[in-house]
Amino acid sequence: MKLAAKYTGFVHSIESLGTIDGPGVRTVVFLQGCPLKCKFCHNIDCAVQVKGDQLTVEKLAEKVLSNRSYWKSYNGSSGVKGGVTVSGGEPTYQPEFLCAFLAYLKNVGVHTAVDTCLVTKKEVIDDLLPYVDLWMTSIKHMDAEKHKFLTGSSNKTTLENLTYLDNNISKQEKKSQIRIRFLVVPGLTNSEKNIRATAEKVKSLKNIEAVEVLGYGSHGRYKWIELFGKYELEGVPDATEKDVENARKIFREYGIRLVSSED
Ligand code: SF4
């Protein structure tokens, strides 16, 4: 992948001081577009539209680097003192722009994270590997049919790419890590069977930093109503602390390290 800063990308928004998308205080860039349409998505406006501000890599880097002095203000339990997370939408939906942007950041010594569903080509993963310190991805459901119901697609690509990513990290000199996010959607993802299947998949991987268990909330509902006139998860309750803790307990049984959003 070329490092040229000639690429432009569609940027939905930038959060200067994010504390829930990776270790430490981070600047979070939300890129437009996504191949999935998850019913629980709270950024559905970002996922379904490819528009927003069109920026060059240099312009975007200039914007995020202006926050650099804040990144060291908090040290999460992982020991990483902030940096940049590229989220979305799905950041790999604009692969060349993403790669050039991350390469730019690594070149100036920034800790980088991507929040990705891994629904992309393997070549994109190859291209990104040298420039990503932390891969944040989610296993949305281990059952292919239920995954399709929740996201519009089978889990085949995500699970294959997760294994592919893990194997290729192992071959790298500079090791990046993978953080798995597990979203507790009451009655839809939090059966004991699904949590155990997820934990077993996690245990099969070699470069896991931790699992982060998150609770579903319906705070993105208004965006669905605005865009589509209805909310797909109407009637599904928000996850409670207890729901989240129940899932965490099962992951702990497998000896899996857990982190919270701030870590
Ligand atoms: S993969 Fe993420 S951004 Fe895309 S639809 Fe699902 S939750 Fe939203």
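## Ground rules

Helices here are DSSP runs of H or I with at least four residues, strands are DSSP runs of E with at least two, and both are numbered from the N terminus. This is a predicted model, where local features need pLDDT of at least 70, side-chain atom pairs count only at pLDDT 80 or more, and totals for chains, interfaces and linings use all residues. Residues are numbered from 1 along each chain as its sequence is written, and side-chain values use heavy atoms, with hydrogens and water left out.

Most residues other than glycine have a negative phi, and most peptide bonds are trans. L118 isn't a glycine, yet its phi is positive, at about 65°. You'll find L118 in the loop between β5 (112–116) and α4 (122–128).

The other spot is the peptide bond joining G88 and G89, which is cis with an omega of about 20°. G89 sits in the loop between β4 (83–87) and α3.

## Around the ligand

G89 turns up again here: the ligand is surrounded by C34, L36, K37, C38, C41, G89, C117 and K140 (a residue counts if one of its heavy atoms lies within 4 Å of the ligand). That shell splits into five nonpolar residues, one polar and two charged. In this scheme Ala, Val, Leu, Ile, Met, Phe, Trp, Tyr, Cys and Pro are nonpolar, Asp, Glu, Lys and Arg are charged, and the others, Gly among them, are polar.

## How the helices pack

Two packed helices are described by the angle between their axes and the distance between the axes. Axes are lines fitted to C-alpha atoms, for helices over the stretch in contact, and angles run from 0 to 180 degrees between N-to-C directions.

Helix α2 (residues 57–65) packs on helix α3 (residues 95–107) at about 45°, with the axes 10 Å apart. That makes α2 oblique to α3 (under 35 degrees is roughly parallel, over 145 roughly antiparallel, 65 to 115 roughly perpendicular, and the rest oblique).

For α7 (residues 192–203) and α9 (residues 241–253), the axes come within 9 Å and cross at roughly 40°. These two are therefore oblique to each other.
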